[in-house]
Amino acid sequence: MPMLTDFGFTYEQKMMRESLLKLAQKELPAEKIRQLDEDGAWPREAYGALARAGWLGLCYPEEYGGMNGSYKDLAILLETLSYHYACLGTTYMTSVIYAGLQLLHNGSEQLKRDYMVPMIKGDIYIAFALTEPQTGSDVAAIKTRAVRKNGDYVLSGQKWFITSAHVADYLVVVAKTDPDAQPVHRGFSIFLVDAKAEGVSMLPIKTMGRHTTHTNQVYFDEVRVPAGNLIGEENRGWKLLMRGLDLERMAIAACGAGNAQHAIDIAQEYATQRIQFGVPISSHQVIQHKLADMRIKAELARLMTYRTAEMLDAGADTRMETAIAKIVATECDFECANIGMQVMGGAGYSMEHDMQRLFRDSRLGPIGGGSNEIQRNIISKLMGLA
Ligand SMILES: Cc1cc2nc3c(=O)[nH]c(=O)nc-3n(C[C@H](O)[C@H](O)[C@H](O)COP(=O)(O)OP(=O)(O)OC[C@H]3O[C@@H](n4cnc5c(N)ncnc54)[C@H](O)[C@@H]3O)c2cc1C
């Protein structure tokens, strides 16, 4: 990552970034990424290599086989993986952050030993299922139901846009356990569900980008879930979900910052080699300014990411900053890919070059993980405007 300054990183953090980049380059060379994107295939070998090197446990306690790393360490890891390939960052985040941290923060000791520890080792993969066909932003309106029966739960409903559910061994599923609860937030619970259990079925959803992480519709038809697979207390799920949001937004920002820098690398290299009117197009000030704008945007994304990571490490209230970081980094990421495409002209638009993939993959950032409109709602509310 030649352009990325490591100011403020410890020696270990610099080494971590180097070693992650080496691993990613070895396991996922550019040609392989192109093939995975074309085939919609999951980056199994690269994820396995991350697991073998212990990186899945970065932010988990040592007693469970983790590294006890900081949030800033996590930001560096996600930025690096996403710099190499956006979907590698998402592959990591889905199981390790979205699903796995629910087990760490809210799961019983049994769930931690039986599922979280194998997840850290890479023996199992866990997807996270919240969104439904009728409810994306309006999370409180989900309809999937879990009903107590003979001591266990019976789960019925439908989820969609569930990243990597097709390769998952388990799903962390958010369901209603008390649909009549008032206020409505009181009726949620979170479950760990066997993705191969009777009654679970899936269909792929085709998307513009993020082909290798791939999203799915997931159906639950009276799926039996053991009572011990309840994560946290019954009807307390909303609170548990909210607790993880700040970290998730910071993680999405880190991924955006990484992908943005990749767009600069591609555009800059192309601009210095593409000759028009007898000179490299990079000799035109207008192209230089476009590349400079990309650099400014990538730096903004990084600044917000690392600032919020440090605030999270300090235990500060980061609701405002993580919402801002998520917006800034995902919008800067998409703008970088968009400008990068313009810098490359027709080549940027063609499937022969990687910029189109970065453009497609970066478009998800402002939509997923709580859309940027919802983040702006949060900021307005914290400003006392709503
Ligand atoms: C590729 C991909 C992967 C995903 N992976 C997962 C996953 O693994 N697990 C999971 O649970 N979900 C996942 N999602 C779902 C994702 O979190 C939702 O798409 C996102 O939360 C937005 O919900 P929605 O698509 O239903 O949009 P809607 O909620 O229908 O919103 C549509 C538009 O209206 C705006 N809007 C809605 N309400 C308001 C409001 N009150 N104020 C202002 N604007 C508003 C939104 O910002 C958006 O622009 C994924 C989605 C995609 C596309």
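Begin by selecting helix H11, residues 355-362, and then show what covers its buried residues, which includes helix H2 (30-39), helix H5 (86-106), helix H7, helix H9 (319-344) and helix H10 (346-349). As you do this, keep in mind that the model is a predicted one. Six of the eight residues of H11 are buried, so this helix is largely enclosed by the rest of the structure. To see which ones they are, colour Met355, Arg357, Leu358, Phe359, Asp361 and Ser362, the buried residues of H11.

Now zoom out to the whole protein chain, which contains 12 helices and 10 strands. Its C-alpha atoms fill a box of roughly 80 × 45 × 40 Å when taken along the principal axes. A compact globule of 386 residues would have a radius of gyration near 21 Å, and the protein chain has 21 Å, which agrees. Buried residues make up 48% of the 386 residues, and among contacts between residues at least 6 apart in sequence, 73% join residues at least 24 apart.

Next, give each domain its own colour: the domain assignment sets domain 1 at 11-124, domain 2 at 128-235 and domain 3 at 239-382. The centres of domain 1 and domain 3, taken over C-alpha atoms, are separated by 21 Å. Where these two domains meet, 23 residues of domain 1 are in contact with 23 residues of domain 3. On the domain 1 side, helix H4 (71-84) and H5 each supply at least two of the residues that touch domain 3, and H5 gives the most, with 11 residues. If you colour that side of domain 1 by class, you will find 12 nonpolar, eight polar and three charged residues.

The ligand is the next stop. Which residues are closest to the ligand? Select Gly136, Ser137, Thr163, Ser371 and Glu373, which are the closest among the 22 residues that surround the ligand. Strand S1 (126-129) and helix H12 (372-382) each supply at least two residues of this shell, and the largest share, three residues, comes from H12. By class, the shell around the ligand has eight nonpolar, 12 polar and two charged residues. With the domain colours still on, you can follow the reasoning about its position: domain 2 and domain 3 both give residues to the shell around the ligand, so the ligand lies between them.

From there, move to the largest nonpolar core, which has 115 residues and in which Ala129, Leu171 and Phe191 have the most contacts. Helix H7 (residues 237-273) gives the most to this core, with 16 residues. Centre the view on Leu171 and, leaving aside its neighbours within four places in sequence, display the residues in contact with Leu171: Ile126, Ala127, Ala129, Ala165, Val193, Ala195 and Val218.

Finish at Leu4, which lies in the segment before helix H1 (11-27). Is Leu4 buried or partly exposed? Leu4 has 19 C-beta neighbours inside 10 Å and therefore counts as partly exposed, since a residue is called buried if 20 or more other C-beta atoms lie within that distance.

How values were computed. Residues are numbered from 1 along each chain as its sequence is written. This is a predicted model: local features need pLDDT of at least 70, side-chain atom pairs count only at pLDDT 80 or more; totals for chains, interfaces and linings use all residues. A nonpolar core is a set of buried Ala, Val, Leu, Ile, Met, Phe, Trp, Tyr and Cys residues joined through C-beta atoms within 7 Å. A residue is buried if 20 or more other C-beta atoms lie within 10 Å of its own, exposed if 12 or fewer, and partly exposed in between; C-beta atoms are placed from the backbone. Helices (H or I, at least four residues) and strands (E, at least two) are DSSP runs, numbered from the N terminus. Two residues are in contact if their C-beta atoms, placed from the backbone, lie within 7 Å. A residue is near a molecule or strand if its C-beta atom, placed from the backbone, lies within 6 Å of it. Ala, Val, Leu, Ile, Met, Phe, Trp, Tyr, Cys and Pro count as nonpolar, Asp, Glu, Lys and Arg as charged, and the others, Gly among them, as polar. Domain bounds come from an automatic or database domain assignment. The radius of gyration is taken over C-alpha atoms; the globule rule is 2.2 Å times the number of residues to the power 0.38.
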